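Here is a friendly note to read alongside the model. Take a look at it first, and then we can go through a few points together.

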Amino acid sequence: MTSEEKQILDRINAYAEKVMGDIDPQKVPVSTQLEKLKPIMEEIAAEKKMSLEDFFILYMDLQSEASCRSDAKLREELQDLNEGEGMPLLYR
């Protein structure tokens, strides 16, 4: 992920915290969540001279990449905890 892509993702995530900070993403439909993010996505897409559809694809790619990195980091941290004696911590 480039620094520009990270800035885009950080900007969307900061906006999401403002407009959706009090909702449970497990209970609110994805379509509703995306509708709340639409204003910031339209703004950034216009700045980047991209269609909203192309920007949405970019956003989903960046979000997936960030999620995979977070998952890998958590697995690595749990691995360090599992090196001792006793019951291992399991993660899936």
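Is R11 buried, partly exposed or exposed? At 30% relative accessibility, R11 counts as partly exposed (buried is under 20% relative accessible area, exposed over 50%, partly exposed in between, with a 1.4 Å probe and protein chains only).

1. Before we go on, this is a predicted model, where local features need pLDDT of at least 70, side-chain atom pairs count only at pLDDT 80 or more, and totals for chains, interfaces and linings use all residues. Residues are numbered from 1 along each chain as its sequence is written, and side-chain values use heavy atoms, leaving out hydrogens and water.

2. The protein has 3 helices and 0 strands (helices are DSSP runs of H or I with at least four residues, strands runs of E with at least two, numbered from the N terminus). Of its 92 residues, 16% are buried.

3. Back to R11: it forms a salt bridge with E43, with the closest N and O atoms 2.5 Å apart (a side-chain nitrogen of Lys or Arg within 4 Å of a carboxyl oxygen of Asp or Glu). E43 lies in helix α2 and R11 in helix α1, so the pair ties together parts 32 residues apart in sequence. E43 is partly exposed too, at 41%.

4. K48 forms a salt bridge with E4, again with 2.5 Å between the closest N and O atoms. Since K48 sits in the loop between α2 and α3 and E4 in helix α1, this pair links parts 44 residues apart in sequence.

5. R69 and E65 also meet in a salt bridge (3.0 Å, N to O). Both lie in helix α3, 4 residues apart, about one turn of the helix.
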